[in-house]
Every structure is written in C-alpha cells, then in structure tokens.
Amino acid sequence: MNILCMCPIGIGNYLLCYPAFVLLKKLLPSASLHLLALREGIAHLAAGDPLWAGITVMDPTKIKTTPLRPLLVLADLRRKKCEASLNFFPSNGWHYHVLPWLAGIGRRYGFRYQISPPAKLSVLCNHTTPVDVSLHDIYQNYRLVGFFLGKDVDRPEPVFPVICTEADRQWARRELDRRSANTLRIGVHPGSSAEHGMLAKRWPPEKFAGLTDRVCRLLCAEAYIFGGADEETVKQTVADAMRCRSHVMPVASLPKTAALLSQCSLCICNDSGLMHIAACLGVPTAGIFGPTDENRNGPFGSTVISIRKKMRGFPVWTAANVGDRSTPKGIDPREGLDALDLDEAWGQLRPWIEATLKTPVASKPE
C-alpha cells in the first residue's frame, strides 16, 4: 500500500508529526510512505530517512515564479499511485485538500476543523475526524493514524528523526571549544518565522537579553545566539544588550545548527523550529509564548517549560481556530509578549533551571 503523508509547512510541524509517521509505519510495516513537503527545508530534513519511500516537494509560495512546478508534482504523485493520503495536523489550507484529489488518490484522510470556509476546499477531504482541541499536536496526529486504521491506538513514547550525525556533533564540539573553554552554554533563539504574522511570536530582544544575562550569571555560563539569515539584526540586538559574554553564531546548515544546540546546557527560545529541534534533541528547553498555544505546540519532553503572561484573550491562535490568523477585535497578538516582563519570566524560569539542572540556589542576579 502506498500512502501519501502531507506535512504542514514548518520544521517544528514536521518534528511534531514525525512520531505519527513512525507509528503508522510500525502498524503497517508493509506500507510505502511517501512524504509531500510544502517547504524545501522539510525535504532536506527528511532526505535519507529510511522511513520514506519517496519525497516530493512543492512550495505553494513559489507557484507564481515556478508555474509549471504543480504540474510536475501532480505527475509525480500520480506515478506513485497512492491509495490513501493523510493530512497531518495542522493542515487546514486549500493545497492540503486539492493536491491529493488532483493526484487521483481515492481515500483522503484529515481533520474536520472548526473553521473551514469554502475557500479551504475541505470538502475534497472525504474522510475526516474532529479536532480534539485539548491535545498536543503529537497526540492529535496519533489520533489521525488511529482514525485511518479504524481503531484506537496507544500513545507510544514519541520518536523523533535523526537531525544531526555524530560527525556533526564532533564538529560542533570543536567549533564551540574554539570559541570558549567554558562548557556551560546557553543556546538562545530570539527570532521566529516571519510568515503569516508570526513576527508576533518574538519577545522583545532587550527582554531576551536581560533574561539570558540572569541565566548566565546564575550558571556562570556564556550565551550562544542562533537564528537564520533574516534574523541577523535581532541576534545582534540581543548580543549588544547583554552584559555577560555572548557569541552570535553564523548561519549554518540545519544539521550543524542542531549539533551546536545539542552541546548547550539549556536553550531559551521563542516558539520556533529551533525550539522544537532543541527539545527533540533532549536539551532542556524553555519556550516563550504569546499568541500561540503551548498546550497545542509547546516544546515536548520531560525537561521543558513554557513561559507566558497569563492574561485574558491569550493564547490567540489555538487548535480551535487553526487556519484563521485573524484576531478578535481589540486584541493585538503582540500584547501577550509585550506584557511579559523580565521579573515575571525569571520567576517562572529560575525554579525550573534549579530543578532541571540541580543548580544550587544562589542570590538573585540583578
């Protein structure tokens, strides 16, 4: 049986879908799983993974510049002769519904979203199950596998993809040792995706700098600031505002960035793909949340924490309104992070650090 797995657009989404991909293969070992990646970065992350019998890429944001690409993708999908497609959460967009239909896939599985206007073309998904708004994305996607198989499935311990090799880790250790002999390293990602209004997920850089300074003083550590090519300004702004020693890390490939994160004592990030990478690597990870819902897509693991300002109207974007980036009248999606002050964030973060890293209680840093 050939099955097409439709992956949402972000690296973090791919990581939170991956345990369900593994479960599907475990329960249907004879099936051939084919990945449709809607961003090239996902295809690069998935390349070489024996889980996939094939990987197809189609970035809908590039249709205008590569108008023939959809036709080539459809031809490729038709050649695969998939008998079923699964649209993993959160995939509430027209392309998730129309592509498997045009590819001639007869059984098309997905979620019945609470917000689904006609333009989403969700009617083309002919087998749907309701979204359970109480679940983390990992467990939401386990449910889709169970729905496809027609039975309840257990929630196994999530398995995540291999993001970096041992050779990458050895390179990272050499790179970091070259920069400093201090092995207490705080990974910091003050950026986030800029797509679909996601700049609202960024905590102000001066607050990021202040919180990182407090962590560095508590642990006698140094900060390593990560981000993509479009985040150089925010990275440098955080570094300039810090008093403790910091290192602005140059842009590297995803495996090398993951390897560098794996060498950190802990990571502090906005809700982002790098946050999920750090957590999936088992690095103690603190995610800072504003408009998005940590109960739905927070960092996953036994040594993670989500930090937010509890206030009316937040989180704004939840499992109940996937596919709708509008905000209620009178609510600014940035307001939650703007209202989270340094002392409140530190009050949530410090006890977690002391419990997670077994750090002796010290006097409160200024």
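**Before starting**

I am working with a predicted model, in which local features need pLDDT of at least 70 and side-chain atom pairs count only at pLDDT 80 or more, while totals for chains, interfaces and linings use all residues. Residues are numbered from 1 along each chain as its sequence is written, and side-chain values use heavy atoms, with hydrogens and water left out.

My element names come from DSSP runs: helices are H or I with at least four residues, strands are E with at least two, and the numbering goes from the N terminus.

**Entry 1**

I began with the strands. Strands of a sheet pair through backbone hydrogen bonds, either parallel or antiparallel. I count two strands as paired if DSSP finds at least two bridges between them.

I found an open sheet of six strands in the order β3-β2-β1-β4-β5-β6, paired in parallel. At its edges I noted β3 (54–57) and β6 (127–130), each pairing on one side only. On average, neighbouring strands here are turned by 20° against each other, direction ignored.

I then looked up one pair in detail. Strand β1 (residues 2–7) and strand β2 (residues 32–37) run parallel and share six bridges. Which residue of β2 is the bridge partner of leucine 4? I found histidine 34 there.

**Entry 2: helices on that sheet**

For directions I use axes, which are lines fitted to C-alpha atoms (for helices, over the stretch in contact), with angles from 0 to 180 degrees between N-to-C directions. Contact means heavy atoms within 4.5 Å.

Helix α3 (residues 69–80) lies across β1, β2 and β3, and I read its angle to β3 as about 160°. Helix α5 (residues 137–149) also packs on the sheet, where I saw it touch β1, β4 (84–87), β5 (107–112) and β6. The direction of α5 makes about 140° with that of β5.

**Entry 3: another open sheet**

Inside it, four bridges join strand β7 (residues 185–189) to β8, and the two run parallel. Isoleucine 186 has alanine 223 of β8 as its bridge partner.

**Entry 4: two helices side by side**

At what angle do α7 and α13 pack? I read about 35° between helix α7 (residues 205–219) and helix α13 (residues 342–356), with their axes 10 Å apart. The contact residues include Leu211 and Val215 of α7, and Trp346 and Ile353 of α13.

I sorted the contact by class: Ala, Val, Leu, Ile, Met, Phe, Trp, Tyr, Cys and Pro count as nonpolar, Asp, Glu, Lys and Arg as charged, and the others, Gly among them, as polar. That gave me nine nonpolar, one polar and four charged residues.

**Entry 5: backbone in the loops**

I found a cis peptide bond from phenylalanine 89 to proline 90, with omega near -5°. Proline 90 is in the loop between β4 and α4 (94–102). A cis bond also joins phenylalanine 314 and proline 315, with omega about 0°. Proline 315 sits in the loop between β12 (304–307) and α12 (335–339).

Next I looked up phi. Leucine 121 has a positive value near 60° although this residue is not glycine, and I placed leucine 121 in the loop between β5 and β6. Is cysteine 220 buried or exposed? My scale is relative accessible area: under 20% is buried, over 50% exposed, and in between partly exposed (1.4 Å probe, protein chains only). Cysteine 220 counts as exposed because its relative accessibility is 58%, while leucine 121, at 31%, is partly exposed. The phi of cysteine 220 is positive too, near 55°.

**Entry 6: aromatic rings**

My last search was for ring pairs. Rings of Phe, Tyr and Trp (its six-membered ring) pair if their centres lie within 6.5 Å; planes under 30 degrees apart are stacked, over 60 edge-to-face, and the rest tilted.

The whole structure holds 13 aromatic pairs. Tyrosine 14 and phenylalanine 21 have ring centres 5.9 Å apart and planes at 50°, so I wrote this pair down as tilted. Both of these residues, tyrosine 14 and phenylalanine 21, are buried.

Phenylalanine 89 came up again, now stacked with tyrosine 113 at 5.9 Å centre to centre and 20° between the planes. Phenylalanine 89 is buried at 1% relative accessible area, and tyrosine 113 is buried at 8%.
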